Amino acid sequence: MSKATVHVIDVESGNLQSLTNAIHHLGYQVELVKTADQLVKSNPERLILPGVGNYGHFVDNLFSRGFEPAIRQYIQSGKPIMGICVGLQAMFSGSVESPSSKGLNYINMTLSKFNDLNKPVPEIGWNSVIPSDSLFYGIDSYKRYYFVHSYAAMLNDPSLEAKLRENGWNLAKTKYGDETFIAAISKDNIFATQFHPEKSGSAGLSIIDNFIQQKKTVPLPEYTEEQKLQLTNDYSNYGLTRRIIACLDVRTNDQGDLVVTKGDQYDVREKDSKNNNVRNLGKPVELAQRYYEQGADEVTFLNITSFRDCPLRDAPMLEVLRLAAKTVFVPFTVGGGIKDIIDVDGTRIPALDVASLYFKSGADKISIGTDAVYAAEKYYANGKKGDGSSPIETISKAYGAQAVVISVDPKRVYVNSPNDTKNKTFQSKYPDAQGRTWCWYQCTIKGGRETRDLGVWELIQACEALGAGEILLNCIDKDGSNTGYDLELIDHAKVAGKIPVIASSGAGKPAHFAEAFSKTKADACLGAGMFHRGEYTVNDVKNYLLEHNFKVRMDSTAN
């Protein structure tokens, strides 16, 4: 079947480009199916139903476009269908995320939200999957797969699991914290995964390939007892591996070339008297590929150039994403310029449409910086309520909270007492030159060039309420220092909200990652300059973490 065509249902939900790229990478053709008539007329041999984001947004689109009878007809024919993420959830009767929206009801069960009292929600990261039998297209309980979701089919009631099995369903399970949920289902010609195989590196690609070839039962590798111990879950981190993210600051240099750069407290120019050029650390697509091969769990592109001189549709970052997504099969986050904009021809383009362009080019998550601060200020001015117009609200409503990352650039401000500011303070272990210990973290905007009377604590609480799903926690004071993360800032942010926090700024060696994971509750750690300069590889960091008893994902693509 090396020239086979795989049909993929397209209801404009999330990142279809990555799935298309994965199928092409495996040697198959892809045809996107945009209408029910097209599905019936094309008579596909292999059909994939991918979905990302809000349950109601997805299934309502599916039903309103007339896909329901065509999908049922296809399933009735006995030909193979694979659901991914919300594509799996659509097989159920409904979800508490969207109570008025109905699913396909192949499983009479309602999805529910993770309990966030003792763990971050959404679940974002690499978890293991335990299949009930061998009919799961090569799912390996000792490999890791990428999950990003807030809602799931919970299996906390053993009788429910027994009933599903009585009805002929094979189940693969995953545990996140203290909750067990369905990670994959299989029955006759239906197969679906809650995780994203197209974003799960080589382990996920093999599952897609096995589905296309209809290899339901696949021999799995044999592991030594030492390997099994290394690869089993670490429930001190809710079952997830420690997530390592490679970040690329992308901008045009003085010659007009798009390069990856890195600054010291956001100054990206060389410091010697003869050379004040933008620091050039490599080409973004090549570096993204390198970090993927080294085992990066995610890649983040931060656009620090304003592309005012070209139409949005031709923005260089879109092409960077398109090219990188062809060979990099882990999640992408992209930030910079994702807001309501006026294009060069005078057309006003809403933030949701801007984000959609990035999702269609290969992004899985988008990062919002300055406009998140504006949205938070408006939230408080409006009595702690959103009005539905902010980029956070519009994008998360369509694509889900897990698709919206808030990138915050704070700096530490010392005060004599908590009464000196309206923002949340804490007492630091490190006094300033005047001996003061009370401080707060002030949000900045426009790449750190302007400050606002808004603290990180207040920003996180507002943005979480507006629909954000993750915090990218930078630190101006630590940027470019190579002295380690600001651990007090991480603790401060983690207490402020319930969504995952990515520690950023200050990492200069592998020990800094271990320090952040051991001394704070950071959900992920991000590195940049130390990787770009070639001082350490992502694999160096992961090996160091393994040596210090942290569980990490080791992909076979890593060097």
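Predicted model: local features only at pLDDT ≥ 70, side-chain atom pairs only at ≥ 80, totals over all residues.
Lys422 has a partner. Its side chain meets that of Asp453 in a salt bridge, with 3.8 Å from N to O. This pair links distant parts of the chain, 31 residues apart. Asp453 belongs to strand 24, residues 450-455, while Lys422 sits in the loop between strand 21 (404-415) and strand 22 (426-427). Asp453 is partly exposed, at 46% relative accessibility.

How many salt bridges does the structure hold? There are 30. Glu535 and Arg533 form a salt bridge through their side chains at 2.8 Å, N to O. Glu535 is partly exposed at 40% relative accessibility, and Arg533 is likewise partly exposed, at 39%. In the other example, the side chains of Asp555 and Arg553 meet at 2.9 Å, again N to O. Are these two residues buried or exposed? Both Asp555 and Arg553 are buried. There is also a network, in which salt bridges with shared partners join Arg243, Glu298, Lys365 and Glu470.

Eight strands make up an open sheet with mixed pairing, in the order 2-1-3-4-13-12-11-8. Which strands stand at the edges? They are strand 2 (29-33) and strand 8 (130-131); each has a single partner strand, so one side of each lacks a neighbour in the sheet. Further in, strand 12 (residues 179-187) and strand 13 (residues 190-193) run antiparallel and are joined by four bridges. Within this pairing, Ala184 has Thr193 of strand 13 as its bridge partner.

Two helices that lie across strands of this sheet deserve mention. Helix 1, residues 16-25, lies across strand 1 (5-9), strand 2, strand 3 (47-51) and strand 4 (81-85). Its direction is at about 150° to strand 2. Helix 4, residues 67-76, lies across strands 1, 2, 3, 4 and 13, and runs at about 130° to strand 4.

Next, the interior. In soluble globular proteins, nonpolar side chains tend to be buried together. Here the largest nonpolar core has 168 residues. Among the residues with the most contacts inside it are Ile23, Phe301, Tyr358 and Phe513. Helix 14, residues 456-466, gives the most to this core, contributing seven residues. A second, separate core has nine residues, including Cys247, Ile502, Ala524 and Leu526. Returning to Ile23, and leaving out residues up to four places away in sequence, we find that Ile23 touches Val6, Val8, Tyr28, Gln29, Val30, Ile48, Ile208 and Ile212.

Why does His149 count as buried? Its relative accessible area is 3%, and the cut-off for buried is under 20%. The side chain of His149 makes a polar contact of 2.7 Å with the side chain of Glu123. A polar atom of the His149 side chain also lies 2.9 Å from the backbone oxygen of Tyr151. Setting aside neighbours within four places in sequence, His149 is in contact with Phe114, Pro122, Glu123, Phe181 and Gln194.

Technical notes. Residues numbered from 1 in each chain as written. Heavy atoms only, no water. Pairing = 2+ DSSP bridges. Contact = heavy atoms within 4.5 Å. Axes fitted to C-alpha atoms, helices over the stretch in contact; angles between N-to-C directions. Buried < 20%, exposed > 50% of the residue type's maximum accessible area, 1.4 Å probe, protein only. Polar contact = N/O pair within 3.5 Å; in protein donor to acceptor, adjacent residues only side chain to side chain. Core = buried A, V, L, I, M, F, W, Y, C linked by side-chain atoms within 4.5 Å. Salt bridge = Lys/Arg side-chain N within 4 Å of Asp/Glu carboxyl O.
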